[in-house]
Amino acid sequence: MKSSANKVLLSGNHALAEAAIRSGCHLYFGYPITPQNEIPEFMSEHLPKLKDGGFVQAESELAAINMVLGAAATGRRVMTTSSSPGISLMQEGISYLAALELPCVIANMVRGGPGLGNIVTSQSDYFQSTRGGGHGDYRTITLAPCTVQEIYDLTQLAFYLADKYRGPVIIQGEGLLGQMSEPVELRELEKKDLPPKDWALTGAKGRPGRMLRSLILEEGVLEEHNWKLNRKYKEIEKREKRSESYRMDDASLAVVAYGSVARIAKGAIKRVREEGLKVGMIRPISLWPFPDEAIRKAAEHVSHFLVMELSCGQMIEDVRMALEGKAEVSFYGRPGGGAIPNPAEFGRVISRNYYQKVRKTR
Amino acid sequence: MKKVFERPRLLKPATFHFCPGCGHNILHRVIAEVMEESDFRDRAIMIAPVGCAVLSYFYLDIDVTEAPHGRCTAVATGIKRAIPNSLVLTYQGDGDLASIGAGETLHAAGRGEKVTTVYVNNTNYGMTGGQMAPTTMINQPTTTCSAGRNPEKDGYPLDLSKILSTLPGVCYVERVALTSPANVMKFKKALRKAFQYQTEGLGYSLIEVLSACPTNWKLSPVDSLKWIEEVMAKAYPPGVLVDRKAE
Amino acid sequence: MKLTKVVISGFGGQGIMMMGYALANAVMKDGHQVTLLPAYGAEVRGGSANCTIAISDDEIASPVASAPEFIVVMSTPAFLRFQNYLKSGGTLILNSSLIEGETIREDIKVIPVPAGKWALELGDLRMANCVMLGAFARLTGLVTLKSLEEALVSLFPARKAKLLELNQRALRFGYQTIEKEEK
């Protein structure tokens with residue numbers, strides 16, 4: 001029996017809210033949408049009790065993200081959360097947050113789309129999160145947890161990375177992960193040095209006025225600004241790629257999956273391993289920057305990759321780009337918002353791929 | 001010799017990009033003057049809109065952020081909730097405030113956010129070249145209603161100040177026509193009052209300014225002022241629309 | 001413990017979510033891995049309520065149960081719907097005070113527990129869920145009575161100490177009454 005003394009049972013949504021507050025995020029702005037309403041409800045209960053706490057139920061996601069923009073401009077930690085259709089509405093603000101280099105955390109508990117879709121879990125917002133999402137040449141760090149504990153841990157990391165790199169960080173949750181409860185150890189992320197917020201708008205007492213602007217009309221200056229942003233993104237790509245490797249040491253087939261699909265795939269891999277199939281998994285934790293080196297490195301001894309997603313195939317593009325043709329890639333996915341695959345189903349798919357693609361070539 | 005007039009210290013030594021006869025020139029100067037009084041500047045955070053006034057931060061030596069088009073009062077809400085004793089000013093045109101930002105404006109006012117808005121109404125989209133705005137008056141021509149605004153086709157103008165003045169969260173709304181030195185002083189007094197009310201935590205305050213746009217009205221600066229008084233002020237009568245403290 | 005999945009179902013107001021939360025919490029206190037997944041959103045509008053608990057000593061892959069080993073049903077609609085999901089050889093525990101009719105399945109074990117009747121014996125029909133949970137603990141051995149009693153503590157604020165005590169009594173009553181019947 002493992003110790004459970006310091007664990008509490010929390011839903012993913014509660015864990016996210018709890019971790020945000022413990023990270024010093026005492027400001028929250030949001031608009032109700034299923035399946036993440038537990039977060040604003042929790043925040044509305046707890047933030048007003050704090051001396052510096054602020055909670056506003058905004059009139060729309062559009063307003064919510066702009067309230068986040070205002071609060072972030074003052075240098076304080078701030079968060080909003082939503083689910084797919086709401087995140088679409090926020091894209092305007094996210095583009096401005098990236099341009100103005102304002103740190104904040106945005107969690108998307110993804111649901112089925114497009115359009116209003118449904119409230120069942122999905123991974124169909126991968127492109128939106130990892131390709132910028134709004135207009136302009138920018139990227140957002142995107143973290144994808146696969147357990148409630150990881151939601152708790154990555155939320156703290158998200159605030160740290162947002163401050164470190166001055167920009168919005170997205171937590172790519174999923175409806176399923178937000179709704180389910182698991183034991184969580186309320187552990188603190190190690191506090192590391194962060195740059196001073198010498199750009200924050202706090203009233204210009206005793207100093208010249210500061211400006212935050214994204215309209216850059218002077219000749220050549222916007223280009224310079226975009227190069228500066230690009231250097232930052234390159235730095236993030238160098239330092240912040242995160243992935244988990246599972247039973248890859250002797251694997252001849254590698255599953256690539258993230259979030260809820262990764263945990264289901266892990267269960268499936270355990271099953272097929274019992275039958276002697278040498279299968280492992282690479283689980284991207286940061287969807288952007290994408291852990292391409294980990295995948296490329298695996299291709300040195302793995303000839304076949306199987307990408308599994310709860311979408312019709314979005315991350316597979318990043319896997320293919322990472323592999324640069326060094327290995328064959330196949331795909332198994334189902335559109336989000338439908339049935340949630342189970343380990344038995346994944347196990348059958350993995351076995352089939354193994355016998356068709358790997359065993360036959362060896 | 002006694003100095004009777006000087007450049008406000010908070011007005012940066014930059015040349016305005018605004019057109020000759022445009023109201024923004026005067027308004028920026030007056031904002032700088034009022035900010036110098038009391039401790040306003042020390043606490044001030046201004047939100048610049050999308051439109052002609054977006055470049056405020058080049059002229060005013062205070063903390064300024066841009067907001068996406070129409071979202072000034074949502075950004076203001078975030079700032080005010082983050083720093084409750086700040087002095088938050090949004091500066092918005094009629095397209096920004098009454099069209100694309102009508103929702104944000106209405107709800108910030110509805111919540112009674114303790115922020116102040118200077119609402120510059122010139123009945124058209126100035127920066128983009130004079131298109132129809134929600135404030136464009138019936139029969140007034142613009143580049144997207146060249147025969148004049150036709151209510152059948154274009155709908156009716158929107159007097160947002162009037163609507164806002166009915167809300168319990170709004171403590172002060174005044175409309176000023178920026179046409180004479182006396183009226184400029186009226187604006188200055190109104191802005192001072194709005195800042196005072198904000199500092200006292202009374203609620204949302206807004207000053208609408210009927211402001212000239214000679215370029216897009218295709219009138220001379222002097223004729224523009226005449227047009228404000230003779231035409232615009234009829235549709236949007238100046239005066240105090242609500243003052244909860246005086247009630 | 002080998003991976004075991006439990007579905008609890010009934011209608012809104014029967015305290016289904018409380019049963020799920022208490023069970024998951026108690027399983028955690030017993031030192032096992034656990035996930036709890038409620039049905040959410042539009043699915044729960046219109047009166048039905050259900051949740052899934054997965055228990056294991058290994059990492060739990062999916063919180064969803066396609067063929068659970070145990071199903072607890074508190075109402076007739078829940079019985080009619082969920083009996084079909086039960087794994088072959090699985091156990092259906094039903095609230096026989098409310099549910100009439102027989103199962104169509106011949107490959108499962110059915111255990112009637114008159115939770116409603118026993119709750120009335122305790123003086124409060126609202127205790128049916130805890131009576132059932134106590135019986136469930138005894139029948140399945142998936143969770144200890146002690147941990148269940150502790151789990152309830154986190155569900156009631158201090159000012160509701162009396163209600164907590166009543167619920168804990170209901171747990172013990174369900175557990176012990178089933179125990180007696182077995183003997």
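## Salt bridges between chains B and A

Three salt bridges cross the interface of chain B and chain A in this predicted model. A salt bridge here is a side-chain nitrogen of Lys or Arg within 4 Å of a carboxyl oxygen of Asp or Glu. R111(B) pairs with E59(A), N to O at 2.9 Å. R207(A) pairs with D63(B), N to O at 2.7 Å. This second pair runs from the loop between β9 (181–185) and β10 (211–212) of chain A to strand β2 (residues 63–66) of chain B. Over all chains, the structure holds 55 salt bridges.

This is a predicted model, in which local features need pLDDT of at least 70, side-chain atom pairs count only at pLDDT 80 or more, and totals for chains, interfaces and linings use all residues. Residues are numbered from 1 along each chain as its sequence is written, chains are lettered from A and ligands numbered from 1 in the order in which they are written, and side-chain values use heavy atoms, with hydrogens and water left out.

## How the chains meet

Two pairs of chains touch, and chains A and B have the most contacts. Contact means heavy atoms within 4.5 Å. Chain B gives 33 residues to this contact and chain A gives 35. Together they bury about 2600 Å², 60% of it on carbon and sulfur atoms. Buried area is the accessible area (1.4 Å probe) that two parts lose on being put together, summed over both.

Chain A also meets chain C, with 26 residues of chain A in contact with 26 residues of chain C. This pair buries about 2000 Å², with 59% on carbon and sulfur atoms. Three salt bridges link chain A and chain C. One residue pair in a salt bridge is E59(C) with K266(A), whose closest N and O atoms are 3.0 Å apart. Where do chain B and chain C stand? No contact joins them, and their closest C-alpha atoms lie 27 Å apart.

## Helix against helix across chains

Helix α3 (residues 61–73) of chain A packs on helix α3 (residues 72–82) of chain B at about 45°, with axes 6 Å apart. α3(A) is therefore oblique to α3(B). Angles under 35 degrees count as roughly parallel, over 145 as roughly antiparallel, 65 to 115 as roughly perpendicular and the rest as oblique. Axes are lines fitted to C-alpha atoms, for helices over the stretch in contact, and angles run from 0 to 180 degrees between N-to-C directions. Helices (H or I, at least four residues) and strands (E, at least two) are DSSP runs, numbered from the N terminus.

The residues of this contact divide into eight nonpolar, four polar and no charged. Ala, Val, Leu, Ile, Met, Phe, Trp, Tyr, Cys and Pro count as nonpolar, Asp, Glu, Lys and Arg as charged, and the others, Gly among them, as polar.

## Helix against helix in chain A

Helix α1 (residues 12–22) and helix α6 (residues 148–165) of chain A pack at about 30°, their axes 8 Å apart. α1(A) and α6(A) are therefore roughly parallel. Their contact residues divide into eight nonpolar, three polar and two charged.

## Backbone points in chain A

Most residues other than glycine have a negative phi, and most peptide bonds are trans. The bond joining T34(A) and P35(A) is cis, with omega about 10°. G113(A) to P114(A) is also a cis peptide bond, with omega near 0°. E101(A), not a glycine, has a positive phi of about 55°.
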